[in-house]
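Please keep the structure open while reading.

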Amino acid sequence: MADSAKDTLLPAYLVVGEDALKRQAVLARLRARIAALGDLEFNSDDLDGETAVGADIVTSCNTMPFASDARLVYVRNADRLRKADSDALVDYLTSPSPTTVLALEAEKLAKNTRLYKAVAAVGKTAVIDCAPPKRYELPRQVRAMAVTHGVTFTDGAAAKLVDLVGEDTVRLDAEIRKIALAHRGTGAVTDAEVSELTARTAEVKPWELTDALAARDLRRCLEVLGQVDASPHALIAMCVSRVRELMCAQSMAARGGGAPAVARALKLPDWRVKNHLSWARRYTAAELRRALATARDAEQAMKSGADEDAALRDWVISVTAPAPRR
């Protein structure tokens, strides 16, 4: 069984991507596989790419295992290796030790670097992609993560947690664990419970305002305005760009075009415009034209000495407020 496990291991792996929780899980599985071959306490080295010397890493890789079939040499922050040290590993990987597994962990490492290419040449599964999920996918992932901690989250609770904590999956997992310990009963965790137990640590991004404006979500717009750290001039410019995009989406929809047509017209990737058509339907063409005209007035007021934050807030309210019933 040990021989079989050893045969499936490659001499090097690159665990790369911004999803820290996924990287942790991959490395834990790799350690477990190597631990099955012998005692890792005597057969592993843990090094940091910020301070490690390439020659020392190579020496560690060429060290024979003690009472085991394999050694593990783990290098965190592999993307921060100095060029000479990275080159030493590239040279080593042309003829790696058959009794060592070199595990390189990096948040980012370009595919055109020599080190990336050297690891990729070791085998088809040598590079393990730990790219983070898209933000819109995170609530679903939060709900799946919650189950592993013995609780369930409503859709609203999952979305609220992402809003408060951000996109770091390690921090999300830690918050889910904390909420699971505090949760009482068998019902699902609600957004109100998440708000009560979780402090905001995520930085609010300016694009969250443009999305809320496009969705005609006045409450969310006001929340973002109270939290975002950006110039009112920059924010209104971004909002105006979004209004123009919605006008384009309305025009494409009138011609029978779908999201691909909107993407082509705006010269944007499809994923950037996946909600534009549904957002555009929340406004009339006249409302979008008025939004552009009043944005000009708001910008002039800002430049004339008016309170910039108040001018932006008033404009956002005028744009997103529900249309009067006829």
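The axes of helix 12 (residues 232-254) and helix 15 (residues 285-303) come within 10 Å and cross at roughly 165°. Helices here are DSSP runs of H or I, at least four residues long, and strands are E runs of at least two, numbered from the N terminus. This is a predicted model: local features need pLDDT of at least 70, side-chain atom pairs count only at pLDDT 80 or more, and totals for chains, interfaces and linings use all residues. Residues are numbered from 1 along each chain as its sequence is written, and side-chain values use heavy atoms, leaving out hydrogens and water.

**Helix 12 with helix 15**

- Axes are lines fitted to C-alpha atoms, for helices over the stretch in contact, and angles run from 0 to 180 degrees between N-to-C directions.
- Helix 12 and helix 15 are therefore roughly antiparallel (angles under 35 degrees count as roughly parallel, over 145 as roughly antiparallel, 65 to 115 as roughly perpendicular, the rest as oblique).
- Their crossing is left-handed (the near helix is turned anticlockwise from the far one by less than a right angle; clockwise is right-handed).
- Helix 12 contributes residues including Ile-236, Val-240, Val-243 and Met-247 to the contact, and helix 15 contributes residues including Leu-288, Leu-292, Ala-295 and Met-302. Contact means heavy atoms within 4.5 Å.
- The residues of this contact divide into 13 nonpolar, 2 polar and 4 charged (Ala, Val, Leu, Ile, Met, Phe, Trp, Tyr, Cys and Pro count as nonpolar, Asp, Glu, Lys and Arg as charged, the others, Gly among them, as polar).

**Helix 12 with helix 13**

- Helix 12 and helix 13 pack at about 130°, with axes 9 Å apart.
- The two helices are therefore oblique to each other.
- Helix 12 passes helix 13 in a right-handed crossing.
- Glu-245, Cys-248, Ala-249 and Met-252 of helix 12 meet Ala-261, Val-262, Ala-265 and Leu-266 of helix 13.
- By class, this contact has 7 nonpolar, no polar and 1 charged residues.
- Helix 13 (residues 259-266) has Ala-261, Val-262 and Ala-263 as its buried residues. Buried means under 20% relative accessible area, exposed over 50%, and partly exposed in between (1.4 Å probe, protein chains only).
- Those buried residues pack against helix 12 and helix 14 (276-280).

**Helix 10**

- In helix 10 (residues 206-214), Glu-208, Leu-209, Thr-210, Ala-212, Leu-213 and Ala-214 are buried.
- Their cover includes helix 7 (155-165), helix 11 (218-225), helix 12, helix 14 and helix 16 (308-320).
- Arg-216 follows helix 10 and has a positive phi, near 55°.

**Nonpolar cores**

- The largest nonpolar core holds 40 residues, and Ile-57, Leu-102, Leu-104 and Leu-115 touch the most other members. Such a core is a set of buried Ala, Val, Leu, Ile, Met, Phe, Trp, Tyr and Cys residues joined through side-chain atoms within 4.5 Å.
- Elements that each supply at least two residues of this core include strand 1 (12-16), helix 2 (20-35), helix 3 (54-61) and strand 4 (100-106).
- Another core, of 36 residues, lies apart from it, with Leu-209, Val-224, Leu-246 and Ala-298 among its members.

**Thr-8**

- Thr-8 is found in helix 1 (residues 2-8).
- At 48% relative accessibility, Thr-8 counts as partly exposed.
- Thr-8 and Arg-33 are 25 residues apart in sequence and 9.7 Å apart in space, C-alpha to C-alpha.
- Not counting residues up to four places away in sequence, Thr-8 touches Tyr-13 and Arg-33.
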